Structures are given as structure tokens and as C-alpha cells.
Amino acid sequence: MSFLEKMKSRYTVKKYNPQGIISEEKIQQLKEILQLSPSSINSQPWNFVFVKQPF
């Protein structure tokens, strides 16, 4: 699949599901992926927050 095809098939979640649960395994995978996210001049200006329980 080409990059253009991937971009055409992406979607945005329109409605938040408060009962949705992400497994710990998936969260660990996401953390690894986020560590590899590129940034301008390798500055890593972002912060990520993982919330496990509602406030």
C-alpha cells in the first residue's frame, strides 16, 4: 500500500467511548512507537499522558 493510499484510508474518531479500555500490552506498544516519533532537529518537544482511571 502506498503512502497516498494509507492517507486516503485514515479516519478520525468522532465520538469518544468512555467505556473503551486499551490493554496494557497495547499501551506498552504505543509508548515504544511514541519514543521513535521524529521531531525537528531531534528536539522531542512533546509530552504524552496515559490516563488509566477517570478523575
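Predicted model: local features only at pLDDT ≥ 70, side-chain atom pairs only at ≥ 80, totals over all residues.
## Surface and burial

Residues are numbered from 1 along each chain as its sequence is written, and side-chain values use heavy atoms, with hydrogens and water left out.

The protein chain has an accessible surface of about 6000 Å², and carbon and sulfur atoms account for 58% of that surface. Of its 55 residues, 4% are buried (buried means under 20% relative accessible area, exposed over 50%, and partly exposed in between, with a 1.4 Å probe and protein chains only).

## Overall form

Along the principal axes, the C-alpha atoms of the protein chain fill a box of roughly 35 × 30 × 20 Å. The radius of gyration of the chain is 15 Å, whereas a compact globule of 55 residues would have one near 10 Å. This radius is taken over C-alpha atoms, and the globule rule is 2.2 Å times the number of residues to the power 0.38.

## Helices and R10

The protein chain contains two helices and zero strands; these are DSSP runs numbered from the N terminus, helices being H or I of at least four residues and strands E of at least two. The loop between helix 1 (3–9) and helix 2 (24–35) holds R10. R10 counts as exposed because its relative accessibility is 57%. Between the C-alpha atoms of R10 and Q53, which are 43 residues apart along the chain, the separation is 28 Å.

Note on methods
Areas by Shrake-Rupley, 256 points an atom, 1.4 Å probe, with all protein chains shown as cover.
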